[in-house]
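Have a look at it first.

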Amino acid sequence: MKWNKILFCAVVLSVPFLSWPAQTETLPNQQSRMPDWNKPFKPFRIAGNIYYVGTNNLACYLITSPGGHILIDTALEESGPIVRANIEALGYKLKYIRIILSSHAHYDHVAGHADMKAATGAQVFATAPDAATLESGGAKGFFPLGNYKPVKVDRIIKDGEVVRLGSVALKAHVTAGHTEGNTTWTTTVEENGKKYDVVLVGSMSINDGVRLVNNPTWPGVADAYAKSFQTLKSLPCDIFLGPHAPFFDMEAKVTRLAEKPGVNPFIDPEGYRKYITNYEKNYTEQLQRERAGK
Ligand SMILES: [Zn+2]
């Protein structure tokens with residue numbers, strides 16, 4: 001085998017092993033260099049009125065009601081055609097999307113906000129720190145990752161606030177650390193006459209290059225992460241979702257759902273607890289390494 005083939009195989013074969021749980025969120029300005037995260041994915045109903053409309057990796061959620069719809073995250077700018085087509089393929093109209101929310105204001109989740117706002121006429125709601133990042137097009141924040149089209153934020157959301165639209169109620173839990181305004185959203189859905197607690201968890205990874213100890217741009221970052229892990233542990237969770245599909249094993253669950261439609265694999269409280277445990281372990285280990293001066 002020639003060297004270039006060996007190198008190609010090594011790169012290709014290593015990808016699945018890098019995706020979990022050590023997935024961090026990229027380097028600056030890599031939108032067009034991330035084709036692996038921007039492949040079309042067939043939209044589907046997760047449970048109740050919650051639909052997956054994102055790409056193969058970058059999750060976007062449509063939460064529907066007769067009074068209008070809410071969209072959480074819009075992925076990359078180049079994801080726009082995929083996300084819009086997914087929403088329409090499910091039979092929903094863009095013009096009935098009234099509110100656009102975010103998991104957090106990094107470009108891989110919100111770079112599509114400006115175009116989606118223009119396409120739908122929706123209002124953008126965000127926590128105060130993430131609103132500053134959104135309005136600066138990714139420039140503001142303790143650790144800016146990459147730029148995107150700035151978008152005007154119409155309403156600031158506080159920790160614990162409930163966003164209501166028609167029959168939908170989504171509660172914001174600020175789980176700061178990954179960004180200052182990183183948000184975990186919770187709601188309930190009904191499925192076959194049963195109620196389920198849904199957690200759309202924020203990102204809890206630590207981007208490459210972020211220091212937890214003596215961080216000059218955010219001295220409180222380590223404490224923020226610690227508090228956020230406590231918040232996540234306090235949330236009841238039946239249905240576990242998050243901003244990157246591999247966080248909650250989306251593709252495998254879609255396969256299982258197709259094989260056994262009567263058992264909803266997205267009901268996964270254990271997966272949620274594992275997510276918290278994995279990322280808290282990463283956090284604790286980095287904190288210990290930094291404190292030891294390594
Ligand atoms: Zn991020």
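What you see is a predicted model, where local features need pLDDT of at least 70, side-chain atom pairs count only at pLDDT 80 or more, and totals for chains, interfaces and linings use all residues. Residues are numbered from 1 along each chain as its sequence is written, and side-chain values use heavy atoms, leaving out hydrogens and water.

Now for the cavities. A cavity is a set of points, on a 1 Å grid over the protein atoms alone, where a 1.4 Å probe fits but cannot get out, and its lining residues have an atom within 4 Å of a point. Grid points are joined across faces, edges and corners, and the volume is the space filled by probe spheres set on the points. Searching the whole structure turns up two cavities of 30 Å³ or more.

Next, find helix H8, residues 269–291. Helices (H or I, at least four residues) and strands (E, at least two) are DSSP runs, numbered from the N terminus. Among the buried residues of H8 are Tyr272, Tyr275 and Tyr279, where buried means under 20% relative accessible area (1.4 Å probe, protein chains only). The spacing makes sense: an α-helix has 3.6 residues a turn, so residues three or four places apart point the same way. The buried residues of H8 pack against strand S11, helix H6 and strand S12.

That brings us to the rings. Rings of Phe, Tyr and Trp (its six-membered ring) pair if their centres lie within 6.5 Å; planes under 30 degrees apart count as stacked, over 60 as edge-to-face and the rest as tilted. By this rule there are 18 aromatic pairs. In one of them, the centres of Phe240 and Tyr275 are 5.6 Å apart and the planes are at 55°, so the pair is tilted. Phe240 sits in strand S12 and Tyr275 in helix H8, so this pair ties together parts 35 residues apart in sequence. Phe240 counts as buried at 1% relative accessibility, and Tyr275 is buried at 0%. Ring pairs also link Phe240 and Tyr275 into a cluster whose members include Phe41, Tyr61 and Phe266.

Key. Expected span 1.5 Å × (residues − 1). Buried < 20%, exposed > 50% of the residue type's maximum accessible area, 1.4 Å probe, protein only. Contact = heavy atoms within 4.5 Å. 1 Å grid on protein atoms, 1.4 Å probe; cavity = no way out; pocket = protein on both sides within 12 Å on 5 of 7 lines; lining within 4 Å.
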